[in-house]
Amino acid sequence: PLVEKNGYRVGTICIIDNKPREFSAADTRALVDLAAIVMGELSAVDLAIKDELTQVYNRRGFELLAAQALKVSGRLQQKAALLYFDLDHFKQLNDTYGHAMGDSALKFFASCVKVIARDSDIFARVGGDEFILFMLDADAEDAKNCAKRLMAGLYEFNELPERLSYSVGISIFDPKSPRTLSELVASSDAAMYECKNAEKGNF
């Protein structure tokens with residue numbers, strides 16, 4: 001079995017031949033060693049695309065997965081939504097309460113997004129306090145409803161010394177007039193800064 005450090009089994013190494021064979025103790029040890037090598041490779045890949053603090057995807061992981069998801073949306077002729085989040089007053093929170101509290105805020109925000117996100121959504125931390133959520137088979141209304149549910153969750157479960165809020169920009173992939181992933185990110189990033197500069201802040 002291929003077993004992660006937390007005990008979760010992700011698969012099995014199998015040896016198949018066209019005739020029956022007896023497995024010796026040495027054969028079993030070799031297979032166990034091979035499984036350990038495979039798990040080491042999988043762990044290395046996971047570390048390369050995951051953010052260590054929040055345990056969501058990092059920018060590299062997002063770009064790899066979202067690029068493929070965008071191709072699927074185009075092929076199925078489905079809309080998709082990209083939400084670009086930036087936490088409000090995060091530097092002030094860090095300066096006032098310390099970086100440990102800032103880390104707690106980032107982990108809290110990530111956990112709230114993971115609760116409301118669907119299994120098919122791709123969620124990543126792409127900057128210090130910037131996050132992206134890519135929603136497959138979703139339109140602008142779906143994206144806005146998601147942002148509203150997130151804000152409600154942040155207020156309801158907040159255990160930080162100050163209320164956590166964010167500014168968000170939304171861009172929509174329309175297969176009838178497709179845009180690249182970088183264009184969608186740039187568009188939602190610009191919309192997020194418009195929201196922040198207008199002091200709308202909260203969605």
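This is a predicted model: local features need pLDDT of at least 70, side-chain atom pairs count only at pLDDT 80 or more; totals for chains, interfaces and linings use all residues.
**Strand β3 and its surroundings**

Strands β3 and β5 are paired in the antiparallel sense, over 7 bridges.

As a general point, the strands of a sheet pair through backbone hydrogen bonds, either parallel or antiparallel. Strand β4 runs antiparallel to β5, residues 130-136, and is joined to that strand by 4 bridges. Here Arg125 has Phe131 in β5 as its bridge partner.

How many residues of β3 are buried? The count is 8 of the 8, so the strand is largely enclosed by the rest of the structure. Ala80, Leu82, Tyr84 and Asp86 point one way from β3, while Ala81, Leu83, Phe85 and Leu87 point the other way.

Asp86 is buried, at a relative accessible area of 7%, and its side chain meets that of Lys196 in a salt bridge of 2.9 Å, N to O. This pair links distant parts of the chain, since Asp86 is in β3 and Lys196 is in helix α6, residues 181-197, 110 residues apart. Lys196 itself is partly exposed, with a relative accessible area of 24%.

Lys196 also forms a salt bridge with Asp88, the closest N and O atoms being 2.7 Å apart. Asp88 lies in the loop between β3 and α3, whereas Lys196 is in α6, so this pair ties together parts that are 108 residues apart in sequence. Asp88 counts as buried, at 10% relative accessibility. The structure holds 6 salt bridges. Another of them joins the side chains of Arg118 and Asp121, at 2.8 Å, N to O. In that pair Arg118 is partly exposed, at 34% relative accessible area, and Asp121 is buried, at 12%.

I turn next to helix α3, residues 90-97. Which of its residues are buried? They include Phe90, Leu93 and Asn94. Seen down the axis of α3, the buried residues fall within an arc of 100°, so they line one face of the helix. Lys91 and Asp95, on the other side of α3, are exposed. The cover over the buried residues of α3 includes β3, residues 80-87, and α4, residues 99-116. Just after α3, Gly98 takes a positive phi of about 100°.

Finally, some remarks on the backbone. Most residues other than glycine have a negative phi. Gln55 is not a glycine, yet has a positive phi of about 60°. Gln55 is found in the loop between α1 and α2 and counts as partly exposed, at 44% relative accessibility. Gln77 likewise has a positive phi, near 55°. The place of Gln77 is the loop between α2 and β3, and Gln77 is exposed, with a relative accessible area of 51%.

Notes:
Residues are numbered from 1 along each chain as its sequence is written. Side-chain values use heavy atoms; hydrogens and water are left out. Buried means under 20% relative accessible area, exposed over 50%, partly exposed in between (1.4 Å probe, protein chains only). Helices (H or I, at least four residues) and strands (E, at least two) are DSSP runs, numbered from the N terminus. The arc is that of the directions from the helix axis to the C-beta atoms. Contact means heavy atoms within 4.5 Å. Two strands pair if DSSP finds at least two bridges between them. A salt bridge is a side-chain nitrogen of Lys or Arg within 4 Å of a carboxyl oxygen of Asp or Glu.
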